[in-house]
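Please look through the sequence and the model shown here before reading on. The briefing is written for someone meeting this structure for the first time.

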Amino acid sequence: MSGFLALLKRDLTLALREGSALGTALGFFLVVVAMLPLGLGPDLKLLSRIAPGVLWIALLLAALLSLPRLFEADHEDGSLEVMATAPLPLELAVAAKALAHWISTGIPLALMAPVLGIMLNLDITLTPALVATMLAGTPAISFLGSVGAALTLKARRGGLLLALLVLPLYIPTLIFGISAIGFANLGQDGFGASLMILGAISLASIAAAPVAAAAALRLQMS
Amino acid sequence: MQTLTQRLANPTRFMELSRALLPWVSAGAALFILYAMYLVFFVAPPDYQQGETVKIMYIHVPSAWLALMSYSLIALSSFGLLVFRHPLADVSAKAAAPLGAAFTLCALITGSLWGKPMWGTYWVWDARLTSVLILFFLYLGLIALRSSLEDEALAGKLTAVLALVGVAILPIIKFSVDWWNTLHQPSTGFTSSVDPSMRTPLLLSAIGFTLLFFALHLKAMQNEILRRRVKSLRLAEVERGERTFAERAGG
């Protein structure tokens, strides 16, 4: 377990000291959301209606942006091979890296969403629901994304391919995230159920994705 | 005593068997589809609500069924490749991916053409349509991932991992019409709620399309095996050429 924590700490430190990955993701999130009213026109009613969907999609794209780097740097300098031969199972190493990605990208993006929500005239009472769905859903994004990052490690045009592979897997998360906010908006009691399904998707990906990602990494290193 | 899958591990034996099998499967596919189409166009009655547009069903339902079946086949082959390292499993998965994508696209297009007169729109974002669209994207992802890697053996194994991850989507597609109350009707599953005059041609058409799929799949597998042989022959030739060149240069 100490190996897991050490790896987590290392990745978080790297993310913090480099800073560029998180900055790019947050900046991208901001720019996409800012472009939208320019394209649709500044109709506040329309914006407030589509705000949850826009924020969720922009969040998915922003999180996707930093995924190719998940294993790339470690692959280039050879530390990935050290991890593969270390006593810590590669599955746990992958889980630590995906968890670090969630903490360093998923949480900041989810916390930035309310600010952007204000720009889109999102009903302020919906903000807690929005952040709750994003916090419950983003682990799935990081962990499913780690599978895509592992699969495209050696691929040509890896970044574009990663989007094609991973975005379809994100659709259930997106659907239940949006439907939860929809329930909260109408004041219906489906919010809790949708949030639980979102959590279930995240937990299932936390359990299953490291196994698949580690298998993909092992295949490429043998 | 070898099981059938073990016997098929020899590509030459597979080639022999599939060569013997292919004409029968193809002929069966042609026979079933032609007879089903005869029934569809000349015998089966128009629906009392939908009129003649119901005839789209006889293409749409088999395509949708094959879209799911070919993914199951890919998943099964991927499992065979990763767990048992069966040499033909990768060939089978590779051959089935474009076929599955084509049938999924066919199901989407026929469904969309059917939706226009029935629902008044070509496309709705209901659970069944969306999940089948995801399936189509998954097929594209499988094809793209395979083509992005130089090393064919590695590409096959990585694609197999992706195929197994994507299996999670299959039950969602299958039960999407039962779990969510959506525009797309639930499956009747060839039950007695469909009149025999429509059920028989639908069943025949489904059998015909399945045979067509297997005929195409067998042919694609043969082609893939031949392509690999040609490739290894070429490599061997290049190697031989290099050796003789080195000998001449040395002598």
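This is a predicted model: local features need pLDDT of at least 70, side-chain atom pairs count only at pLDDT 80 or more; totals for chains, interfaces and linings use all residues.

Residues are numbered from 1 along each chain as its sequence is written, chains are lettered from A and ligands numbered from 1 in the order in which they are written, and side-chain values use heavy atoms, with hydrogens and water left out.

**Chain B as a whole**

- The secondary structure of chain B consists of eight helices and zero strands, where helices (H or I, at least four residues) and strands (E, at least two) are DSSP runs numbered from the N terminus.
- Taken along the principal axes, the box filled by the C-alpha atoms of chain B is roughly 85 × 40 × 35 Å.
- Chain B has 251 residues, of which 45% count as buried; buried means under 20% relative accessible area, exposed over 50% and partly exposed in between, with a 1.4 Å probe and protein chains only.
- Among the contacts in chain B with a separation of 6 or more, 76% join residues 24 or more positions apart, a contact being heavy atoms within 4.5 Å.

**Aromatic rings**

- Over all chains the structure holds seven aromatic pairs, counted when rings of Phe, Tyr and Trp (its six-membered ring) have centres within 6.5 Å, with planes under 30 degrees apart called stacked, over 60 edge-to-face and the rest tilted.
- One of these pairs is B:Tyr35 with B:Tyr38, which is stacked because the ring centres are 6.4 Å apart and the planes stand at 20 degrees.
- Both tyrosines, B:Tyr35 and B:Tyr38, belong to helix α2 (residues 11–43) of chain B, three residues apart, or about one turn of the helix.
- B:Tyr35 is partly exposed at a relative accessible area of 46%, and B:Tyr38 is partly exposed at 43%.
- The rings of B:Phe103 and B:Phe213 form a tilted pair, because their centres are 6.2 Å apart and their planes lie at 55 degrees.
- B:Phe103 is in helix α4 and B:Phe213 in helix α8 (residues 196–250) of chain B, so this pair ties together parts 110 residues apart in sequence.

**B:Thr110 in helix α4**

- B:Thr110 lies in helix α4 (residues 87–119) of chain B and is buried, with a relative accessible area of 12%.
- The side chain of B:Thr110 reaches the backbone oxygen of B:Cys106 at 2.8 Å.
- Not counting residues up to four places away in sequence, B:Thr110 touches B:Ile56, B:Ile59 and B:His60.

- A:Ser66, in helix α3 (residues 44–66) of chain A, is buried at a relative accessible area of 11%.
- The side chain of A:Ser66 reaches the backbone oxygen of A:Ala63 at 3.2 Å, and beyond its neighbours within four places in sequence A:Ser66 is in contact with A:His101 and A:Thr105.
- Helix α6 (residues 90–119) of chain A has 30 residues and should span 44 Å at 1.5 Å a residue, which agrees with the 42 Å between its end C-alpha atoms; the expected span is 1.5 Å times one less than the number of residues.
- A kink of about 35 degrees in α6(A) is centred on A:Trp102, the bend being the angle between axes fitted to the seven residues ending at a residue and the seven starting there.

Conventions
A polar contact is a pair of N or O atoms within 3.5 Å; within protein, one must be able to donate a hydrogen and the other to accept it, and residues adjacent in sequence count only if both atoms are side-chain atoms.
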